Amino acid sequence: MEAPLLDETVEGAVDYNGRPVLRSKFGGWRSASFIIGVEVAERFAYYGIASNLINFLTDELRLSTAAAAQNVNVWSGVAMMLPLLGAFLADSFLGRYRTIALSSALYILGLGLLTVSATLPYSSTSACQQTENRVPCSPSLVHVVLFFFSLYIVAFAQGGHKPCVQAFGADQFDGQHPEESKAKSSFFNWWCFGISVATFATFTTVSYVQDNLSWSLGFGIPCIAMVFALVVFLLGTKTYRYSSEGDVENPFVKIGRVFIMAVRNWRVISSEIAHEEEILGLLPHHSSQQFRFLDKALIVPNSSKEDGHACTISEVEEAKSLVGLAPIWVTCLAYGIVFSQSSTFFTKQGVTMDRSIVPGFEVPAASLQSFISLSIGISILIYDRVIIPIARRFTGKPSGITMLQRIGFGMILSALSMVIAALVEVKRLKTAQEYGLVDMPKATIPLSIWWLVPQYLVVGISDAFTMVGLQEFFYDQVPSGLRSIGLSLYLSIFGVGSILSSFLISAIEKLSSGDGKESWFDNNLNKAHLDYFYWLLVGLSAIGFAAFSCFARTYIYTKGNTT
């Protein structure tokens, strides 16, 4: 009796030759393991660049602290926004498999050029001749252009890679199958766990290489990791489940038509919509009561009867599901702003503190980000193995708590991390004053760098709830043909958050540095006021969470899914 069930075909999936796939031979955890391995290597490569980028910009390219933070935030923001383009290309033209393969090749090119740029002389000869007059050497134009060109190639590559890999991995599980549905929920947890392992490895090794050996080697190691990622991905080609949508209409065209028809019919009254629904034999459905203006797409104006056709109820409901995501997306932006601080100002704080463990060995400031990875990994294990089983007994839900509840709890922890960061920064500034180091920016403040660990740990626990919750939410609550777009919308929260952080820094820099005053982000961090900035982020987080809570209470899950 078991064999036929194990060998049943999976609806909507084919193998690499386009043939129907057997559940027991294709997809599942075996294929997902290849894809998680790819993501582990890719995240190792990405954070090998991102984690210590602010120090490269200040130490090698001679940018100010504020300018370096703005550049990191803009680059990170662009890298997180480009998945919208990559997802569009994948879902409309290339497919996820081809997009991943091509993006991986572009990734390797960008990292290779970045390694080359790091081997070039950092300074022009004419500028360095002025060093006798204590004018710092400026980087050569060739180096700067090649560096930023390479950096943005990496951003474009990530734009194609990031939304597709996770969606392709989740596609290896059939959401309509009871056992595979549970496995898919666990997939998102283990996906984030794999990322935490990768980032922990890169924070503890690559940042040390970059600070103590050479930047060229520090950029070369991520390039090698990306080559490994591409090889692993190709090895799993014959085991994957591929979408068999065939000649199904482009999902972007279908969704776009709903909005166009709704706009064209904006004068249609409610009674006409109700009459059309009655003709179509539609039964009342609770989700259909939201965004009723889109129901106007069900009607074809009399003037267009010959050459037009109405949208189907399923197309209208898919459009409504996308509109329903907008309030959640907007209210999570404050979380995205906070998220961008751990790789910028947290790192610069650490540079000023006592980083010695034993005589002659100092901890790289960027390596403290490994505590984020560590806390994510531990939190996910506890969440998946302890919290979920206990919560299931009380709620009866497969995932224990709803996705939005998970996201909201993480947002509270995100605000708490900023409170801790502000208090630690106050302690750091007082220590600098007590030891008379305020006017000595290069001096080491006699305050252990381990004071920063609590804020990193809370950031990691926050990510384990909110980041993973957002991944699952934006994958699950969009039409199946737009899941790459769904995940790219999740990533764009961090992209827009980083860009907003850059704008915020720029505005505060101008407002706080007037009349001869020290900026909140002064190059001499002993005179700066990062604590003020952190308290501002606490306020923004509180506002964001309050708005999120209001929209979360009224949100109606699609597909009857409340997990």
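Biologist: Where does alanine 101 have its place?

Modeller: Alanine 101 sits in helix α6. Bear in mind that the model is predicted.

Biologist: What does alanine 101 touch, leaving out residues up to four places away in sequence?

Modeller: Alanine 101 touches Leu230 and Phe233. Contact means heavy atoms within 4.5 Å.

Biologist: How far apart are alanine 101 and leucine 230, in sequence and in space?

Modeller: In sequence, 129 residues separate alanine 101 from leucine 230. In space, their C-alpha atoms are 6.9 Å apart.

Biologist: Let's move to the helices. At what angle do α6 and α10 pack?

Modeller: Helix α6 covers residues 96-119, and helix α10 covers residues 215-235. They pack at an angle of about 165 degrees. Their axes are 8 Å apart.

Biologist: Why are α6 and α10 called roughly antiparallel?

Modeller: Set the angle against the cut-off. Angles over 145 degrees count as roughly antiparallel. The angle here is about 165 degrees. α6 and α10 are therefore roughly antiparallel to each other. Their crossing is left-handed.

Biologist: Which residues make the contact between α6 and α10?

Modeller: From α6 they include Tyr97, Ile100, Ala101, Ser104 and Tyr107. From α10 they include Trp215, Phe219, Met226, Leu230 and Phe233.

Biologist: What classes do the residues of the contact of α6 with α10 fall into?

Modeller: The contact of α6 with α10 has 17 nonpolar residues, six polar and no charged.

Biologist: Helix α6 also packs with helix α8, residues 141-170. How do you know which way α6 and α8 run relative to each other?

Modeller: Again, use the angle. α6 and α8 pack at about 155 degrees, with their axes 7 Å apart. The cut-off for roughly antiparallel is over 145 degrees. α6 and α8 are therefore roughly antiparallel to each other. The crossing of α6 and α8 is left-handed. By class, their contact has 21 nonpolar, 10 polar and one charged residues.

Biologist: What makes α13 and α20 roughly antiparallel?

Modeller: Helix α13 (residues 313-331) and helix α20 (residues 530-554) pack at about 160 degrees. Their axes are 8 Å apart. Angles over 145 degrees qualify. α13 and α20 are therefore roughly antiparallel to each other. α13 passes α20 in a left-handed crossing.

Biologist: Which residues of α13 and α20 meet?

Modeller: In α13 they are Pro327, Ile328 and Thr331. They meet Gly544, Ala547, Phe548, Phe551 and Ala552 of α20. The contact of α13 with α20 divides into six nonpolar, two polar and no charged residues.

Biologist: Which residues are closest to the centre of the largest cavity?

Modeller: Arg43, Tyr46, Tyr47, Met80 and Phe339 are closest, out of 31 residues in the lining. Among the elements that give two or more residues to this lining are α2 (28-50), α4 (65-81) and α9 (178-212). The lining of the largest cavity has 16 nonpolar, 12 polar and three charged residues.

Biologist: What makes a space a cavity rather than a pocket?

Modeller: The probe fits in a cavity but cannot get out, while a pocket is open.

Biologist: How much space lies in the second largest pocket?

Modeller: About 760 Å³. Of its 28 lining residues, Thr58, Asp59, Lys348, Val351 and Lys442 lie nearest the centre. The elements giving two or more residues to that lining are α3 (53-59), α9 and α15 (345-351).

Biologist: How do the lining residues of the second largest pocket divide?

Modeller: They divide into 10 nonpolar, 10 polar and eight charged. Asp, Glu, Lys and Arg count as charged. Asp59, Lys348 and Lys442 in this lining are therefore charged.

Note on methods. Residues are numbered from 1 along each chain as its sequence is written. This is a predicted model: local features need pLDDT of at least 70, side-chain atom pairs count only at pLDDT 80 or more; totals for chains, interfaces and linings use all residues. Side-chain values use heavy atoms; hydrogens and water are left out. On a 1 Å grid over the protein atoms alone, a cavity is a set of points where a 1.4 Å probe fits but cannot get out, and a pocket is an open set with protein on both sides within 12 Å along at least five of seven lines; lining residues have an atom within 4 Å of a point. Helices (H or I, at least four residues) and strands (E, at least two) are DSSP runs, numbered from the N terminus. Axes are lines fitted to C-alpha atoms, for helices over the stretch in contact, and angles run from 0 to 180 degrees between N-to-C directions. Angles under 35 degrees count as roughly parallel, over 145 as roughly antiparallel, 65 to 115 as roughly perpendicular and the rest as oblique. A crossing is left-handed if the near helix is turned anticlockwise from the far one by less than a right angle, and right-handed if clockwise. Grid points are joined across faces, edges and corners, and a volume is the space filled by probe spheres set on the points.
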